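Please look at the structure shown here before reading on.

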Amino acid sequence: MSTARTWAVALTGVDGHLVEIEADFSAQTPEFTIIGLPDKALGEAVQRVRNACTNSGLDIPRRRLTVNLSPASLPKHGSGFDLGIAVATAAAGGMLSARAVRGTVHIGELGLDGRVRPVAGVLPAVYAAARAGFERVIVPHANAAEAALVPGIEVHAAASLAEVAALHGADVEVPDVDAVELAAPDEPETLPLDLADVIGQEEAVDALIIAAAGGHHMMLSGPPGAGKTMLARRLPGILPLLLDDEALEVAAIRSLVGEPVMKLDPVVPFVAPHHSASMAALVGGGTRMARPGAIVRAHRGVLFLDETPEFQRAALDALRQPLESGRIEVHRAGFTASYPARFQLVLAMNPCPCGNYGVRGAECACPPMSIRRYASKLSGPLRDRIDIDLQVARVAAARATSGERSRVTSASARERVVAARGAASDRLRGTPWRVNGEVPGERLRLGVLRLPATVRAPLDRALERGTVTLRAYDRVLRLAWTIADLAGANSPGIDELGRALFLKKGLLA
Amino acid sequence: MLDDARLLPLAERLRPGGDPVETLTRVAWSVLVEPGDGTAGALVDAHGAQEALEIACRDDGLLTPGIVTPAALAEARTRWRPRAQAQAVMEAMTSCLDVGGHLMLPGDDGWPAGLQDLGPHAPLVLWARGDLTSFTAGPAVAMVGARAASPYGESVAADIAGDLAGAGAVVVSGGAYGIDGASHRAALGVGGVTVAFLAGGVDRAYPVGHHQLFERIRKGGLVVSEVPCGGAPTKWRFLQRNRLIAAASLATVVVEAGWRSGTLNTAGHAAALGRPIGAVPGPVTSAASAGCHRLLREFDAICVTNAQEVRELWDDRALDAPSQPRVDPDRVRLLDAMSTRTPRDAHDLARRCGLSVDRVRSLLGLLALDVVVVQTPEGWRRVG
Amino acid sequence: MAAKDELGRAGEERAARHLRAQGYIILDRNWRCRQGEIDIVAQRDDVLCVVEVKTRRSVRYGHPFEAIDERKRRRLWRLAYAWTAAHPDAARRREIRLEAIGLIGADADTAQLEHLVDLL
């Protein structure tokens with residue numbers, strides 16, 4: 001009785017680890033055991049592999065089969081190991097070349113009928129295989145497109161176990177099967193959204209550009225129909241395009257979520273979960289496997305929480321960790337998965353529960369208590385992270401339907417944003433931060449970035465008087481630097497300070 | 001008090017070409033009051049010297065209301081009564097004439113106009129020896145400082161005073177040892193004009209050691225005092241003459257002064273009069289400069305290191321260079337366009353005041369910080 | 001006798017023949033006790049072998065060896081100890097081993113025979 005080995009990939013977060021699959025038959029009564037910390041789904045591989053082998057014409061010896069997944073201490077999840085286990089088993093049983101399978105990575109779930117079914121996370125898995133130096137990987141047919149996005153590795157798409165076995169020299173008939181396909185993506189291809197579509201909101205457009213240039217988190221406040229969503233949706237269009245490795249990371253996350261990935265998208269992701277979404281949908285976690293949620297899908301992009309006060313308190317609190325560290329941890333029974341989650345946050349809320357407070361020509365029916373309570377649903381720590389507080393007002397109907405277009409296009413805005421970000425990253429070279437929105441207050445108040453006293457004077461006076469908090473002070477400084485970057489100035493002057501103050505109203509907050 | 005017939009001719013000699021009655025009356029006032037007597041000044045301003053003198057010498061009498069309170073007048077009369085001696089008036093005049101001195105009255109050609117900024121505390125007369133046109137020879141600048149000056153201080157005083165006088169300024173000081181003396185000497189040395197204000201009468205050299213200096217000053221300038229000849233330089237009179245030094249000049253420069261120096265008193269007068277104050281810095285280890293440093297920090301004094309910078313103290317163009325933030329004229333324009341009742345948005349305001357929208361937003365941000373304006377959902381308005 | 005039993009009996013015959021051909025000495029056949037039945041007890045070298053024989057017509061209902069699960073094996077061990085207790089002389093100082101013979105085919109004589117030595 002013999003042993004055979006092949007390779008598969010286990011995922012923790014977005015990172016893949018190579019797993020060696022060892023299959024060994026011993027002269028004992030038949031039993032099929034998988035060891036190496038498999039989860040429940042993996043444990044069920046026994047049934048799938050057995051049936052799939054039989055149905056593929058692979059006669060597995062009726063002996064005790066032990067399959068070991070190493071490294072033994074790494075927890076392994078899901079059904080993506082099926083193909084590798086079947087192949088190793090068949091090789092150990094002498095049905096195909098053990099040598100051939102030794103150097104190949106196999107990824108895929110097996111149906112009882114022997115078809116190779118798609119799994120989530122093929123892209124990061126293939127990426128890990130390529131990084132580890134493997135030259136060949138076999139993936140389910142439905143995941144072939146995403147696997148092909150990874151450079152430097154040969155990808156074979158397989159529709160059935162028989163096909164794979166034959167590839168490795170087995171004497172089996174390869175049936176003509178309909179490959180299992182992934183469900184078509186939910187969202188239809190949308191037209192690109194342009195900033196020029198927004199009319200009559202110059203101040204808001206300006207603020208959006210500033211938010212983009214400095215990576216500042218933003219709150220849009222205004223009545224329904226004012227255009228908050230319209231603005232938020234245009235933010236990705238003015239943020240710098242993703243570099244190849246960044247786009248690959250974003251695609252890897254989409255793959256992990258189970259979305260079909262056909263190509264690399266250079267535009268940053270835009271994720272807008274509904275306020276009724278569950279914690280799992282927002283943060284991540286499935287019943288058995290840790291599946292990343294909306295927060296992770298927004299990595300390197302924009303997370304838009306429309307009607308922010310309607311979100312569960314716990315959900316808003318969950319934002320704190322990623323806003324702080326750029327990562328989020330999802331805890332499941334027995335293990336913790338850590339995902340990257342560095343995004344730009346856009347919150348939106350009505351001025352009051354009924355939406356009419358402060359709207360010209362509208363009557364607000366809310367009692368003052370409920371307006372205050374509504375506004376206070378946002379916790380202090382979350383509010384503190386918001387650099388820009390923008391009031392969005394409804395545009396007069398006549399203007400809205402006039403067909404007039406703003407002069408600012410997304411393309412021109414993006415150019416400005418890229419230039420401003422370039423200036424900022426030059427200045428921040430050697431520090432852990434890349435955009436102004438990330439720089440902590442002390443760095444701006446002290447050290448080389450400290451502004452001259454004459455420029456700081458009005459802010460300093462206000463701080464002494466107690467009309468601004470220290471956090472507000474820091475926010476104004478951050479914004480002033482971004483405004484200076486956009487204007488091409490070396491450092492902020494009193495004008496930029498004034499502009500920054502204009503953007504951050506509600507200074508006591 | 002003025003009945004003696006010999007008095008008028010003396011007055012005539014004391015102030016040739018002037019109204020002898022006025023001269024005499026003013027002499028009487030000079031004898032009656034201590035320098036800086038506000039009641040006297042107010043009375044004289046309101047009634048003229050002669051009628052005021054009558055009022056002063058009466059026991060009672062109707063007063064134009066609002067000038068001086070009855071209580072103040074009563075108290076003043078008590079002060080003045082002991083001094084209302086006819087003999088004193090005579091002596092004042094003769095002692096001055098004996099040393100070749102004259103009397104200057106406000107409004108006379110050579111009278112330093114700046115003194116009138118003192119209001120009711122302005123001197124009623126100036127007893128003077130020397131060139132009566134000295135004050136009008138050029139812009140007057142006060143150079144003051146410690147008596148116990150260091151060689152550094154005297155050297156700097158001399159440099160600056162010399163340069164100033166050389167450029168045509170009139171160096172005004174107090175004739176004391178130290179900085180004062182160095183300043184006077186330097187001005188004289190370049191053939192310039194210098195004026196010394198004394199605390200006592202102009203017939204006596206005080207300090208005695210400057211006897212010859214005063215002689216030279218009388219030739220190249222003027223020695224003046226508020227106090228009649230024979231008068232002693234009391235502490236009060238020293239302090240009062242400091243105010244004259246400050247008021248008579250366009251700016252006051254403190255060259256060297258200790259932390260509690262009397263010179264700071266002069267600077268204080270200058271500040272009260274709105275005169276620019278210059279201070280010369282020195283080593284931080286030098287106690288002799290501590291007062292100057294204090295002036296720079298606490299009294300808005302401007303650091304000066306040479307005559308040119310001293311000139312800039314009163315030169316209008318230089319004064320506008322911002323070492324302090326000045327009020328932005330755009331700010332005023334914007335506020336003018338805003339209402340305390342009607343909120344307006346940034347665009348509207350920009351149109352109204354003719355500034356760019358960006359500038360308006362920036363100004364609104366700064367004004368909001370100082371709670372001068374406030375934003376409502378409908379727009380911006382001025383805080384009422 | 002039912003057809004199944006016939007096949008079973010025929011299978012056991014075949015198994016015994018196979019063992020003898022391998023050099024085993026058959027010590028006992030179909031030994032019964034309260035705990036069950038041992039198909040064949042044999043001896044080879046100095047080792048006592050308790051052999052379970054399973055016959056199937058085809059693998060349609062599972063491979064014969066799949067019937068020898070954990071529970072079955074434990075029972076076989078108990079039976080083995082019971083036999084040695086009943087036959088002290090034969091068992092004296094001899095190692096005990098479990099074995100299995102599986103036959104697949106409708107005809108026992110031509111059936112595919114598999115022999116597992118030393119079961120756990």
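Two residues are in contact if their C-beta atoms, placed from the backbone, lie within 7 Å. By this rule B:Ala199 touches B:Pro233, B:Arg237, B:Phe238 and B:Arg241, not counting residues up to four places away in sequence. This is a predicted model, in which local features need pLDDT of at least 70, side-chain atom pairs count only at pLDDT 80 or more, and totals for chains, interfaces and linings use all residues. Residues are numbered from 1 along each chain as its sequence is written, while chains are lettered from A and ligands numbered from 1 in the order in which they are written.

B:Ala199 lies in the loop between strand E5 (193-198) and helix H9 (211-220) of chain B; helices (H or I, at least four residues) and strands (E, at least two) are DSSP runs, numbered from the N terminus. A residue is buried if 20 or more other C-beta atoms lie within 10 Å of its own, exposed if 12 or fewer, and partly exposed in between. B:Ala199 is buried because 25 other C-beta atoms lie within 10 Å.

Strand E3 (residues 140-144) of chain B is largely enclosed by the rest of the structure, because five of its five residues are buried. B:Ala140, B:Ala142 and B:Val144 are buried on one side, and B:Val141 and B:Met143 on the other. In a regular strand the side chains alternate between the two faces of the sheet.

Finally, the contact between chains B and A takes 15 residues from each. Helix H17 (residues 357-369) of chain B gives the most to chain B's side, with eight residues.
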